[in-house]
Amino acid sequence: MANTQSMIFTIYGDYIRHYGNKIWIGSLIRVLKEFGHNEQSVRVAVSRMVKQGWIQSEKKGNKSYYFLTPRGEVRMEEAARRIFKLQAHDWDGKWRMLMYTIPEEKRQIRDELRKELLWSGFGSFSNGCWISPNNLEKEVKMLVEKYDISEYVDLFVADYKGPQEDRALVEKSWPLDEIEGKYEEFISTYSKRYIIHQSAMASGQMTDAECFVERTNLVHEYRKFLFTDPGLPKELLPSMWNGDHAALLFAQYYKLLAEPASRFFEEVFREDNDMRRKDKSYDAADHPYIVNQSAYQK
C-alpha cells in the first residue's frame, strides 16, 4: 500500500486543486479509505504536511478544512505540467550549471537541496556541480531564496565546447538506462491493466469508486518518474525513448478512467465542501496539460 502522505499529495494534485484547493478532513479520510488508509494515518500525515509547509488548516464551526499553501500550489502546478507532458520539448542548446559549496554545519540544508535539485531535473555531474539542459533558472532562484544560500551558490548558463558530444554529459549525469528500464516496467504492467479495465468498463463491471482507485493509483505510480526522469529535451534522448511510449499509454489510460473517477470524487466532495469553488474550465477527460494525440504524432 502506498505511503499515506504520498497518496494525499497525489489526490491534492489530481483532484482537490481543481476544486478550490480545499477539503474537509472528513472527506479526505473518506476517499483515502478506498485505498486502505485509516483515519489515524490520514490525520498523522496531514499534520506532518502542515509542519512541512505544504498545507494549512482552517476551522469552520467544528470542522477542519485543509488547503494548499502558496508553496504547495507552485509544487502541484509544476508537477502537473511535468506529469501530463506527452512529448520531449525542443532544446535551446544551453546548459545550466549550478555550483555550490555549502559548509558542513549546514549539512541538512545541503541534503535538502540535493533532493530538490533531483526533483527539478538536475543531474549530478560531479561533487558540488549540477547540470541541466532545461531552463530551470526560476526554480534555482526559488531554492536559493527558500534555503537562504545565495552566498554559497553560483549559476552559469553555458555552451559545451567538447571534446565530446553533448550526450556524453547526459551519460555522466543521469542513469538513462535505469530510467528506461523503469519505463519499460510501467508499460508492461499498465498496458495489460489498460486492456483489462477497458473491457470491464465496456461491460459495466467497474464501479465509479473502482475507477477512482485505479486512476489515482495510475497517477501515483506515474508521478514517481518526477523523481527519476529529468525531462531531457528530445535532442539528448535516444531515438526510441520508452518515456514517450509510457506517456502516451498514461494519457490514454487516464482518459479512459477520468469520467467515472471524477464522478466518485464529486459524490464524496459534495458533502460538506464548497462545489462552487470548482474550476469552471476543468474537464477531467480533457486535462489541460495533456497534449492532444495529433500534436504528439507530428
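**View A. The division of the chain into domains.** In this predicted model, the protein chain is divided into domain 1, covering residues 2–70, domain 2, covering 93–157, and domain 3, covering 174–277. The centres of domain 1 and domain 3, taken over C-alpha atoms, are separated by 21 Å. Where these two domains are in contact, 22 residues come from domain 1 and 22 residues from domain 3.

**View B. The area buried between domain 1 and domain 3.** The size of an interface is often given as the accessible area lost when the parts come together. Between domain 1 and domain 3 this buried area is about 2000 Å², and carbon and sulfur atoms give 62% of it.

**View C. Salt bridges and polar contacts between the two domains.** Two salt bridges are counted between domain 1 and domain 3, and 11 residue pairs, with both residues at pLDDT 80 or more, are in polar contact between these domains. A salt bridge also joins the side chains of Lys 63 and Asp 272, with a distance of 3.7 Å from N to O.

**View D. The side of domain 1 that touches domain 3.** At least two residues of this side are supplied by each of the elements α1 (4–14), β1 (22–24), α2 (25–33) and β3 (63–68), and α1 gives the most, with six residues. Sorted by class, the side of domain 1 that touches domain 3 has 12 nonpolar residues, together with five polar and five charged residues.

Key. Residues are numbered from 1 along each chain as its sequence is written. This is a predicted model: local features need pLDDT of at least 70, side-chain atom pairs count only at pLDDT 80 or more; totals for chains, interfaces and linings use all residues. Side-chain values use heavy atoms; hydrogens and water are left out. Domain bounds come from an automatic or database domain assignment. Contact means heavy atoms within 4.5 Å. Buried area is the accessible area (1.4 Å probe) that two parts lose on being put together, summed over both. A salt bridge is a side-chain nitrogen of Lys or Arg within 4 Å of a carboxyl oxygen of Asp or Glu. A polar contact is a pair of N or O atoms within 3.5 Å; within protein, one must be able to donate a hydrogen and the other to accept it, and residues adjacent in sequence count only if both atoms are side-chain atoms. Helices (H or I, at least four residues) and strands (E, at least two) are DSSP runs, numbered from the N terminus. Ala, Val, Leu, Ile, Met, Phe, Trp, Tyr, Cys and Pro count as nonpolar, Asp, Glu, Lys and Arg as charged, and the others, Gly among them, as polar.
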